[in-house]
Amino acid sequence: MFRKKHSQNHPENVAEQQTAKVNELKASIGPLSGRSLLYCSDACLRRYLEARNWNVDKAKKMLEDTLKWRSTYKPEEIRWHEVANEGETGKVYRANFHDRHGRTVLILRPGKQNTTAADNQIRHLVYLIENAILNLHEGQEQMSWLIDFTGWSLSANVPIRTARDASNVLQNHYPERLAIAFLYNPPRIFEAFWKIVKYFLDPKTFQKVKFVYPKNKDSVELMTSFFDLENLPAEFGGNAKLEYDHEEFSRMMAEDDVKAASLWGLDNKLAHVSNGYSGADVIPEPVLLAPPAS
C-alpha cells in the first residue's frame with residue numbers, strides 16, 4: 001500500500017522540523033549546568049528559535065547573549081525589598097486578573113513615575129517580568145501588557161534612553177514572552193515619543209504593540225477580544241475598579257520571592273538576604289546598553 005505523503009507545510013512535518021531545530025540548537029550550545037541548564041528548557045529554546053525565524057545560528061547567538069546577561073545581571077536573584085520603592089505608586093505591577101487566554105497581565109502606568117534612576121527602574125521592570133513568568137498558568141508562556149497614559153507627559157516621564165533599554169531587555173532576553181501590549185488612549189504628544197521608540201523595536205515586537213482609542217470601534221473590539229470587560233479596569237474601558245495597594249502587593253511579592261528562590265535553588269540565599277543592595281546587585285551600565293540582537 002502507498003503511504004500518503006505529507007507536504008512540507010503539513011502540521012506533522014512542521015512539528016518534526018521544529019523538534020529537529022530544537023535538538024540542533026541544544027547540541028550547538030553544548031553542555032550546560034546550574035541555572036543555565038534550568039533556564040534552557042525545550043520550551044525556552046523554541047522561543048529563541050521562534051524569535052529568530054527558526055534560524056539556529058541566530059537563535060544560538062541570541063540565547064548565548066541572554067545566558068551571559070543572566071549570569072551578570074542575575075534577574076532571578078532580585079528580591080522585592082530591593083525594588084519596592086520603585087513600585088510605591090503602582091507604575092508597574094502584576095494585575096490580579098488574567099486575559100481571556102489565561103495569560104498573566106502587567107499594568108504599566110508611566111504617568112505614575114516616581115523615581116529618576118534609570119538602572120533601578122529597569123531592575124524593577126525585570127523583577128516584574130520574572131514575576132509574571134513565575135505566575136503563568138501551566139502550558140502558557142506569554143504575558144499581556146496594559147499601558148495606561150493617564151497623567152503622562154513628554155517632559156516629566158520615561159526618558160527615551162530608559163524606553164530603549166527596557167525594549168532591549170524585553171526583546172533580547174525575554175523573546176516571545178510578550179503576547180500583546182495595548183497602549184490605551186495615549187495623548188497626541190505621545191506620537192513624537194513613539195516615532196523614536198519604535199526604531200528600538202524589532203519587527204516581531206512592533207507587531208505586538210496595539211494602540212487603543214475609546215472612540216475607535218475596531219481598536220476597542222480588538223482589546224475586548226483579549227479581555228473580559230468585567231475584569232478590565234475602567235482606565236482601560238472596562239467595568240472593574242483599578243486600585244493599587246502597595247502593602248498588599250508587597251506581601252504577595254514577598255511570598256512569590258520564596259517561590260522563585262525555591263524554583264532556582266536559591267532557598268539558602270533568600271534566608272541571608274539583607275535590606276538594600278549588596279555590591280553584587282549593582283550592575284555596570286553597559287549591560288543595559290547592548291544593541292538589539294540581529
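Trainee: Which residue stands opposite K210 in β5?
Mentor: F182 stands opposite K210 in β5. This is a predicted model, where local features need pLDDT of at least 70, side-chain atom pairs count only at pLDDT 80 or more, and totals for chains, interfaces and linings use all residues. Residues are numbered from 1 along each chain as its sequence is written, and side-chain values use heavy atoms, with hydrogens and water left out.

Trainee: In which sense do β4 and β5 pair?
Mentor: Parallel: β4, residues 178–184, pairs with β5 over 4 bridges. Two strands pair if DSSP finds at least two bridges between them. Strands (E, at least two residues) and helices (H or I, at least four) are DSSP runs, numbered from the N terminus. Y184 stands opposite V212 in β5.

Trainee: And β3 with β4?
Mentor: Parallel as well, over 6 bridges. D148 stands opposite Y184 in β4.

Trainee: Is β4 buried or exposed?
Mentor: 7 of the 7 residues of β4 are buried, so the strand is largely enclosed by the rest of the structure. Buried means under 20% relative accessible area, exposed over 50%, partly exposed in between (1.4 Å probe, protein chains only).

Trainee: What order do the strands have in the sheet?
Mentor: The order is β1-β2-β3-β4-β5, in an open sheet of 5 strands with mixed pairing. β1 (92–98) and β5 (209–212) stand at the edges with a single partner strand each, so one side of each has no neighbour in the sheet.

Trainee: Which strands does helix α6 touch?
Mentor: α6, residues 118–134, packs on the sheet and touches β1, β2 (104–108) and β3 (143–148). Contact means heavy atoms within 4.5 Å.

Trainee: New topic. How many salt bridges does the structure hold?
Mentor: It holds 22. Each is a side-chain nitrogen of Lys or Arg within 4 Å of a carboxyl oxygen of Asp or Glu.

Trainee: Show me a couple.
Mentor: Take D42 and K26, at 2.8 Å, N to O. They link distant parts of the chain, 16 residues apart: D42 is in helix α3 (42–51), K26 in helix α1 (11–29). D42 is partly exposed at 39% relative accessibility, and K26 is partly exposed at 36%.
Mentor: Then K91 and E86, with their closest N and O atoms 2.5 Å apart. K91 is buried at 5%, and E86 is buried at 1%.

Trainee: Which residues are linked in a network?
Mentor: R35, R70, E76, E77 and E130 are linked in a network of salt bridges.

Technical notes. Axes fitted to C-alpha atoms, helices over the stretch in contact; angles between N-to-C directions.
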